[in-house]
Amino acid sequence: MAENSPKTAADLFAFLDGLGIAHTTKEHEPVYTVAESRSLRDLIPGGHTKNLFVKDKKDQYFVLTVEENAVVDLKSVHKTIGAASRVSFGRPEKMLEYLGVVPGSVTVFGAINDSGGEVTFVLDSDLLENELINGHPLSNDQTTTIGNRDLIRFLEATGHTPLVLKVSE
């Protein structure tokens, strides 16, 4: 595999195993929206995530990871996360470059591909009230479940100290 090729779900699972982080993964049809993924709730316990890939005017990039039904006010969230200006959605090319994923697959687990530390990961404090957290393992045809503390350990092991903030309304 080329050095700059995005890591795969198998790479992610091996990384989690290396950290001693317990995880389970369920395969399913590809889901592109929270609405499409609702049918999985009975099959997969825990907090389900919605991930927003955003940037400010100075090209600082953020992944906001919130509970799937949370509302994030994009007009004011910049004040909470320390962005230089209001945020807008990041371009798909940067999503692929930094996180190794395409639109519809944005995930907190994309941190494994951000070796340059280009992205700040923000975890909504309400989401972390769930003992188990679910996210796509770099593609939207699977859901991986890990513990809330293990999610923070994973991010730190990738070189990202997450901001744990109240970003949902």
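Me: How does Lys166 count by relative accessibility: buried, exposed or partly exposed?
Reply: Lys166 has a relative accessibility of 41% and counts as partly exposed. Buried stands for under 20% relative accessible area, exposed for over 50%, and partly exposed for the range in between, with a 1.4 Å probe and protein chains only.

Me: What kind of model is this, and how are the residues numbered?
Reply: The model is predicted, and local features need pLDDT of at least 70, side-chain atom pairs count only at pLDDT 80 or more, and totals for chains, interfaces and linings use all residues. Residues are numbered from 1 along each chain as its sequence is written, and side-chain values use heavy atoms, with hydrogens and water left out.

Me: Back to Lys166. With which residue does it form a salt bridge?
Reply: The partner of Lys166 is Asp126, with 2.7 Å between the closest N and O atoms. The pair ties together parts that are 40 residues apart in sequence, because Lys166 lies in the segment after β8 (163–165) and Asp126 in the loop between β5 (119–124) and β6. Asp126 is partly exposed, at a relative accessible area of 30%. A salt bridge here is a side-chain nitrogen of Lys or Arg within 4 Å of a carboxyl oxygen of Asp or Glu. Helices (H or I, at least four residues) and strands (E, at least two) are DSSP runs, numbered from the N terminus.

Me: Why can such side chains pair at all?
Reply: Side chains of opposite charge can pair when their charged atoms come close.

Me: How many salt bridges does the structure hold?
Reply: The structure holds 5 salt bridges. Among them is the one between Arg153 and Asp150, whose closest N and O atoms are 3.0 Å apart. These two residues are 3 apart in helix α5 (residues 148–157), so about one helical turn separates them. Arg153 is partly exposed, with 36% relative accessibility.

Me: And Lys55, with which residue does it form a salt bridge?
Reply: Lys55 pairs with Asp59, the closest N and O atoms being 2.9 Å apart. Lys55 is buried, with a relative accessible area of 14%, whereas Asp59 is partly exposed, with 47%.

Me: What is the phi of Asp59, and where does the residue lie?
Reply: Asp59 has a positive phi of about 60° although it is not a glycine. The residue lies in the loop between β2 (47–55) and β3 (61–67).

Me: What about the phi of Leu138?
Reply: Leu138, a residue other than glycine, has a positive phi near 80°. Its place is the loop between β6 and β7, and Leu138 is buried, with a relative accessible area of 10%.

Me: Where is Ser139, and with which side chain does it make a polar contact?
Reply: Ser139 is in the loop between β6 (132–135) and β7 (142–147), and its side chain is joined to that of Asp141 by a polar contact of 2.6 Å. A polar contact is a pair of N or O atoms within 3.5 Å; within protein, one must be able to donate a hydrogen and the other to accept it, and residues adjacent in sequence count only if both atoms are side-chain atoms. Ser139 is partly exposed, with a relative accessible area of 23%. Asp141 also lies in the loop between β6 and β7, and is partly exposed at 30% relative accessibility.

Me: How far is Asp141 from His28?
Reply: Asp141 and His28 are 5.2 Å apart in space, C-alpha to C-alpha, and 113 residues apart in sequence.

Me: Next, Thr144: buried or exposed?
Reply: Thr144 is buried, with a relative accessible area of 0%. This residue belongs to strand β7, and its side chain makes a polar contact of 2.7 Å with the side chain of Thr25.

Me: And where is Thr158?
Reply: Thr158 is in the loop between α5 and β8. Thr158 is buried, with a relative accessible area of 16%, and a polar contact of 2.8 Å links its side chain to that of His160.
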